[in-house]
Amino acid sequence: MRYGENAWKVIQDVKARLAALAPGLPTGVSVEPFYDRSDLIARAIATLKSALTEEILLVTLAHILFLFHFRSILIVTLPLPASILISFILMHQFGIPSHIMSLTGIAISIGVLVDAGIVMTENVIRHCERAEEELGRRLTPPEVFTHTLTAATQVGRPMFFSMLVIILAFVPVFLLTGQEGKLFHPLAFTKSFALIGAVLLAVTAVPVFCTLLVRGPFKPESENWLMKYLLRIYDPVLDWALGNRKSVLALAVSLLAVCLVVAFGLPRAVNVRLPDSVARHTQGFGSEFMPTLEEGSLLFMPVLLPATSLTEVQRIMAWQDKVMSEHPAVASVAGKLGRAETATDPAPVEMIETTIMLKPEREWPAGTTKASIIADLSEKLMNVPGYVPGFLQPIENRVLMTSTGIRAQVGVKLFGDSLDALQAKAFEIERVINRVQGATGVAPSRVQGKPYLEIGVRRTELARHGLSVEDVFRYVEAGIGGVTVGTTIKGRERWPLQVRLEQADRGDIERLGDLPVPTPSGATIPLGQVADIRRVVGPNEIASENGRLRVFVQANVRDRDLGGFVNEIKARIEKEVRLDPGMSLEYSGQYEHQLRARQTLLYVFPAVILIIFALLVVTFHSVSEAAHVILAVPFALTGGVLLQAWLGYNFSVAVWVGYIALFGTAIQTGVVMVVYLEEAVQKALAAKCRAGFPNPALVGVVAGEAGIGIPALQPNLTRPELIAAIKEGARLRLRPKVMTVATTVASLLPIFWSNRTGVEIMQPLAAPVVGGMLSSLVHILVVTPVIFAWLHERKLAK
């Protein structure tokens, strides 16, 4: 398939062309595909369609429970499919196809897409509720319009800014390069497209829907059975938190410290002294490049000795196909020997590629897993001398081969100037890797051991008979390799006529020595008189990289993380293998991608945090308020770490992208909470202004939220009044915050209970978001008011 083409469309076009050719095939001849990727594509897209449908239903249910205002449910849910439609339109314009990663970007955005609508609608309903309470009657349409305009203006700016922060937080994903960039750029684009659509609809369509659909009578928040229960819990918790601020902050910092230890571990020297029951929780998460997508098929690529003949390789391939097809979980087996006439597939004769199509899991025998299938087949296939079995998956293998040149997860590249020395050192490294826990399919590249027929001319004898080196070698090439001397025509087919020695003559050194060579004088002499003919062992292949000879040792990893595996290999090789002068080592395979992605995120992510912090400072006109919002991020990550530990996921690019998505959402919720608290403080100040403030000592300068005009001279609030205002603002934020978390978690739950194709990549990506949203709920509702009160009390003290 050409680069950039749509795989699904290409496969359908190939099928259509084969169907058109089928009637013209000879009797008894048919074309049957042994590997069809369209089935995997269809299953993955079906998984995402199902997940999106379930997410929308759960999000709608969450709105019903919290708002209990059915017309407002339409206000929030109608922009959701519209946002997704905008994302698909932009995908088409930018040439981004629908596949696992692009649709995952939409799937993990469902909860965030409705956030803007939730905040806007909930604020409109709250303003209308208060207005009806004050007026003691139903609002007229013009009054609803007025209150909608006021409510939309209040939250529109911070909501737009918070969505901008979420999109900006994905800049590190856009800057990923290599394979990881190709994987996650579609996800970042589709998520950004959907967010752009959501925020545009939230500031345009949602207020319009509110003016049309928001009608009384309204059910007060305190009368909603769910909110009544939540307020009954939240009020005493908030009272205790504001009265015990040091304890709250100490608990938050302690939880953060514990999660850092769980995520990154204690120093190895400390961890080895702890009891095993504790040490396994303090060793930190492992690392890998990407979770493996279950393709429903396997690719078996054993390594044979270079001296293996073509007939022997054919016999082995037929035998292994028979052995593998007898497994009850295997649907079909097709081996491939040789290579196409292209420089992109330099496969030697001793390399067999066997595609194994597995039956659906429901048809496997009880207790069968993919690991057990690989173990069973490996045990049965180990009967061939010098045979190293290696199992990967077709797409996984092709990606590794094209990106790194190594058909395994880990490759140790060895560079030098002598093939013999490199081969010996590769065998030494192989023995070291085989002793590392988790190593499987360890095999060095066998560059030596290929039998050759070497013909070395004796120049003095050539000169005596008037022959040149070119004359002798051209004659030998024609006799052994063959030469085309003409063409014959058979119907519309042209067949070359080739002349060379018979097989019996070509395979016998003694008879080759008797091969008559014509001389310029017209006489003939035997080849053995002017040349030495002998069998030698030479290189099977000569690979170079950056101008130096290269060999490698490849290995796959089983039952442990890739990063820890490579780190242990590095430590053992450094300790046990002594490289000859002029030799050097490099580590390749998936580890190479993992390292590059980590370095990119390490440099880019801090820069993005600084940019976002600068934007927050501009928004709030206060460094302390900006720092206050940024503080929501590490505490939001704690829930993500705990859920990741519970589910047993290693750090991978997918997990880090999940944390990046959580980062933007955590800042968004922090911004909106601070806005609500500031509004409550300003409202209390305004009330005090209206009531008058006879004590001149209470006059001071108070900085409000950016964009809200506040007189320079106002009464300062006393500490009890400030605490009361903060409680009021936090209570107002309870329903939209709980709704935001509930919709985000509900939108991602279908990913966790599904076992369909593609969830292996989606679950590690969603885990930090779900866990982090739960912990950010506690932080925003409890810790943020505590920090806000502390900062404003310092202003009062000044």
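This is a predicted model: local features need pLDDT of at least 70, side-chain atom pairs count only at pLDDT 80 or more; totals for chains, interfaces and linings use all residues.
I'll start with the helix pairs. Two packed helices are described by the angle between their axes and the distance between the axes. I'll give both values for each pair.

The pair to begin with is helix 7, residues 141-169, and helix 23, residues 590-620. Their axes are 10 Å apart, and the packing angle is about 170 degrees. Angles over 145 degrees count as roughly antiparallel, so helix 7 and helix 23 are roughly antiparallel to each other. On the helix 7 side, the contact is made by Arg157, Phe161, Val165, Leu168 and Ala169. Helix 23 brings Val608, Ile611, Ile612, Leu615, Leu616 and Thr619. Sorted by class, the residues of the contact between helix 7 and helix 23 are nine nonpolar, one polar and one charged. As background to the numbering, an α-helix has 3.6 residues a turn, so residues three or four places apart point the same way.

Next, helix 5 and helix 9. Helix 5 covers residues 100-107 and helix 9 covers residues 178-213. Here the axes are 7 Å apart and the angle is about 35 degrees. The handedness of the crossing of helix 5 and helix 9 is right-handed. From helix 5, the residues in the contact are Met101, Ser102, Thr104, Gly105 and Ile106. They meet Leu183, Phe184, Pro186, Leu187, Thr190 and Lys191 in helix 9. The class count for the contact of helix 5 with helix 9 is six nonpolar, four polar and one charged.

Now helix 10, residues 225-243.

Trp240, Ala241, Leu242 and Gly243 of helix 10 make the contact with Arg245, Ser247 and Val248 of helix 11. By class, the contact of helix 10 with helix 11 holds four nonpolar, two polar and one charged residues.

Helix 25 runs over residues 632-647, and Thr638 lies in it. Is Thr638 buried or exposed? Its relative accessibility is 3%, so Thr638 counts as buried. Beyond residues up to four places away in sequence, Thr638 touches Leu255, Leu256, Cys259 and Ser775.

Leu643 is in helix 25 too. At 17% relative accessibility, under the 20% cut-off, Leu643 counts as buried. Leu643 and Val769 are 126 residues apart along the chain, with their C-alpha atoms separated by 9.5 Å. With residues up to four places away left out, Leu643 touches Ala767, Val770 and Gly771.

Leu515 sits in the loop between helix 21, 509-513, and strand 10, 516-518. Leu515 has a relative accessible area of 11% and is buried. Apart from neighbours within four places, Leu515 is in contact with Tyr475, Leu501, Ile525, Pro526 and Leu527.

Asn546 is in the loop between strand 13, 544-545, and strand 14, 548-557. Most residues other than glycine have a negative phi. Phi of Asn546 is near 55 degrees, a positive value. Asn546 is exposed, at 71% relative accessible area.

Gln554 is in strand 14 itself. Its relative accessibility is 6%, so Gln554 counts as buried. Which residues is Gln554 in contact with, leaving aside neighbours within four places in sequence? They are Val303, Ile406, Arg407, Ala408, Val410, Gly411, Gly441, Val442 and Ala443. The C-alpha atoms of Gln554 and Pro444 are separated by 6.1 Å, and the two residues are 110 apart along the chain.

Note on methods. Residues are numbered from 1 along each chain as its sequence is written. Side-chain values use heavy atoms; hydrogens and water are left out. Axes are lines fitted to C-alpha atoms, for helices over the stretch in contact, and angles run from 0 to 180 degrees between N-to-C directions. Helices (H or I, at least four residues) and strands (E, at least two) are DSSP runs, numbered from the N terminus. Angles under 35 degrees count as roughly parallel, over 145 as roughly antiparallel, 65 to 115 as roughly perpendicular and the rest as oblique. Contact means heavy atoms within 4.5 Å. Ala, Val, Leu, Ile, Met, Phe, Trp, Tyr, Cys and Pro count as nonpolar, Asp, Glu, Lys and Arg as charged, and the others, Gly among them, as polar. A crossing is left-handed if the near helix is turned anticlockwise from the far one by less than a right angle, and right-handed if clockwise. The expected span of a helix is 1.5 Å times one less than its number of residues. Buried means under 20% relative accessible area, exposed over 50%, partly exposed in between (1.4 Å probe, protein chains only).
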